[in-house]
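Here is my note on the open space in this model. Please read it with the structure open.

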Amino acid sequence: MTRKIGVIGMGHVGSTVAHYIVASGFTDDLVLIDKNEEKVNSDALDFQDAMPNLPFHTNIYVNDYSALSDADVIISAVGNIDLIRQANGNDRFAELSNNVEAVKSISTKIKDSGFNGILDVITNPVDVITSIYQKETGLPKEKVIGTGTLLDSARMKRAVAAKLNIDSRSVDGYNLGEHGNSQFTAWSTVKVFGEPITNLVKENNLNLDTLDKDARDGGFEVFKGKFYTNYGVATAAVKLANAIISDAKSQLVVSNYRKEYGVYLSYPAIVGKNGIEKQINLNLTKEELEKLQYSADFINQKFEENK
């Protein structure tokens, strides 16, 4: 069975997503879409030049929405990095009005293509934009997913691992809520080598507030050095796409619609070929539940203002 992925938006993030997919052979067909035709055609040619030295072949299609009709996944990497730069990299909502208009236009073209796969949304502010994509495309809520705090949870794991001098893949746990300033690390979910991190605080001199801030501010730190972020979020988006294409039934902390909060926010779910296959319920502390409600209210307010 042929695997097909579409990437809409070929800026820093979209082109990194596409390169990771092509270099790793994650799809048979790749559809690249961007309003800058010169840029997207150059990327396509560059990928084709890479293929003789790769172990995989990928068929590349450019700026053809009709080619998305039978795609398994569309990854939305649309954005305007100049607006983020003007906000000094610390306000994901700087892009909101621009991206809402772009998403409404793109959604019409996606609908017209007959696409019925899964939308994998990177575009910021991702929770609000994921909500708008679902509303505008009319796709079922379980088929529209944002990368959410899949990236922020990775940043938390990186921060904890660095403090303990271990491999970040030995840390489990989640950042929840908004992919933004109202997110938080749910420390009740975090384990190191299977042991709750709360058991390790005293002997390892861990400051959980500092680690939480490190995870939340990680993107701003990357932005300060190169004025964009790409590798971390691209890897998160491709991980989500692969879980869908391979029907992995993986537990991932992604932005999905939670009925009890009435909004898209990041919370663990089982992801497979149908998108959100099952939602997980965590045993959170009272303080964590309050933080999650605050984050949900903030996302919902922004969605209502811009839908």
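1. The model is predicted.

2. Start with the largest pocket. Its space comes to about 1,100 Å³. The lining counts 44 residues. Look for A77, V78, G79, N80 and E95, which lie nearest the centre of this pocket.

3. Which helices supply at least two residues each to that lining? They are helix 1 (12-24), helix 3 (81-86), helix 4 (96-113), helix 6 (150-164) and helix 7 (208-226). Helix 4 gives the largest share, with 5 residues.

4. By residue class, the lining of the largest pocket holds 17 nonpolar and 17 polar residues. Another 10 are charged.

5. Now the second largest pocket. Its volume is about 810 Å³. Lining it are 32 residues, and L150, S153, A154, K157 and K239 sit closest to its centre.

6. At least two residues each come from helix 6, helix 7 and helix 8 (231-245). The largest share, 8 residues, belongs to helix 8.

7. How do the lining residues of the second largest pocket divide? There are 13 nonpolar, 11 polar and 8 charged residues.

8. One link is worth checking on screen.

Conventions
Residues are numbered from 1 along each chain as its sequence is written. This is a predicted model: local features need pLDDT of at least 70, side-chain atom pairs count only at pLDDT 80 or more; totals for chains, interfaces and linings use all residues. Side-chain values use heavy atoms; hydrogens and water are left out. On a 1 Å grid over the protein atoms alone, a cavity is a set of points where a 1.4 Å probe fits but cannot get out, and a pocket is an open set with protein on both sides within 12 Å along at least five of seven lines; lining residues have an atom within 4 Å of a point. Grid points are joined across faces, edges and corners, and a volume is the space filled by probe spheres set on the points. Helices (H or I, at least four residues) and strands (E, at least two) are DSSP runs, numbered from the N terminus. Ala, Val, Leu, Ile, Met, Phe, Trp, Tyr, Cys and Pro count as nonpolar, Asp, Glu, Lys and Arg as charged, and the others, Gly among them, as polar.
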